[in-house]
Amino acid sequence: MLIVEGHEFIKQIGRRRYQAPAVAVKSVREIVAAVKAEGDKAVIAYEKEFNTEPKSLMVSETVAQKAVLGIDKQLRSALELSLARIKDYHRQLPAPETRTAKVGKSEIIFKARPLERVGIYVPGGNARYPSTVIMTATLAQVAGVKEIVLCTPPGPTGWPHAVTLAAATICGVNKVFCCGGAQAIAAMAFGTETIEAVDKIVGPGNVFVTAAKKEVFGAVDIDGLAGPSEAMILLDPRVAAEVLNWCCWDLKAQAEHGLNSCCVLVTTNPEKAIQLAPQLKGVEGYIVICSNWDQALEIVESYAPEHLQLIGPGPESLAMKIKNAGAVFRGPLAAIAVGDYVAGPSHVLPTGGSARSFSGLWVGTFMKTYSVITIDPEEFPSLALAGSILANTEGFSCHAKSLILRRERLNIEGSKKN
């Protein structure tokens, strides 16, 4: 890890945005176009090229149930504990709900509804991420989504990894499809003979998955663009040696997400930073020396990390001041790994500095809102007049006419009554 001064870190690394490599963007556009045009045929062809030929695009209920029966009791208990905590947390959040507002004498209803069909992407192949199934599907269920479908790549057997299938079944996913990469994203966005198009796609993935989500946005909604995983720890050097050791393991844990994962340790003690550096050998990232915790806060807001861990009396006092972070972990026991699996909030979080603009997954991610507008007759004449003035100002004479005709009719009716 590189040791840098706080002001230099802000200058060099500060505001950043994740960009998929140009080569990925080019190939993804070709894949998306092919799937849109050829459906299942293109999806299967790309699976053969990039992954493993799937036994079938759709995973049958028999295969899924076999996966559930094949996992050991401890793992099943862990999955069920995670599921229960995620569900319990998100049920308590103030999710969008239908409300009625009075604006003047008129009534406007703010209507909140769950999406009809949501697509979840879970990385796979030789990897297995049952936690990602829980951290996405559970929220969609709490929101009331009618149909939840999941795409994940086939492994060596031609089926998705058994533990991923087991998690999907336990979470109540309606359909699982055996495909991955950009082709899975395109299939969920536009639909194929086997995979029905969804309203929104959520879930993490590699650069090709991220580029594909960006490519299909507009045809379908997405949760965001995920870059490499990242963690920032603000560490008070006064904590016990044991806690310092925990922090090193927290950063090593983040590095397990891949070579491009970025780990940042921020502290106010240069000697302590030099002392910890050997324990972090091989971990990609930075040790940042700041002059005080006010500068540390400035570093956080500039960097906008996916995961922010605050350890020690100085950093922990900043928790409620943070504006830009995907999730904040406060205190030595709030390890980022707890958030990855069993804390309660979803671990699908904004990366690459996008925490300045985006939020992690929550129940509202899986809902949409619209308004039901009813206008009071007594109020309409003044509203029509103001609206017509604005319409004419913008050069929209037909807008103005549609208001004025109604206003004139109300005036005539009012005169008759008088």
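A residue counts as buried under 20% relative accessible area, as exposed over 50%, and as partly exposed in between (1.4 Å probe, protein chains only).

## Basis of the model

This is a predicted model, in which local features need pLDDT of at least 70, side-chain atom pairs count only at pLDDT 80 or more, and totals for chains, interfaces and linings use all residues. Residues are numbered from 1 along each chain as its sequence is written, and side-chain values use heavy atoms, leaving out hydrogens and water.

## Cysteines

With a disulfide taken as a pair of cysteine sulfur atoms within 2.5 Å, the count is zero. The closest cysteine sulfur to that of Cys171 belongs to Cys151 and lies 16 Å away, too far for a bond. Cys171 is buried, at 3% relative accessibility.

Cys262 is likewise in no disulfide, the nearest cysteine sulfur being that of Cys263 at 6.6 Å. At 17% relative accessibility, Cys262 also counts as buried.

## The sheet

Strands (E, at least two residues) and helices (H or I, at least four) are DSSP runs numbered from the N terminus; two strands pair if DSSP finds at least two bridges between them. Six strands form an open sheet with parallel pairing, in the order S1-S11-S10-S9-S12-S13. Strands S1 (2-5) and S13 (327-330) each have a single partner strand, so one side of each lacks a neighbour in the sheet.

S1 runs parallel to S11 (residues 285-289), joined by four bridges.

## Packed helix

Helix H1 (residues 6-13) packs on the sheet and touches S1, S9 (230-235), S10 (262-267) and S11, where contact means heavy atoms within 4.5 Å.

Note on methods:
Axes fitted to C-alpha atoms, helices over the stretch in contact; angles between N-to-C directions.
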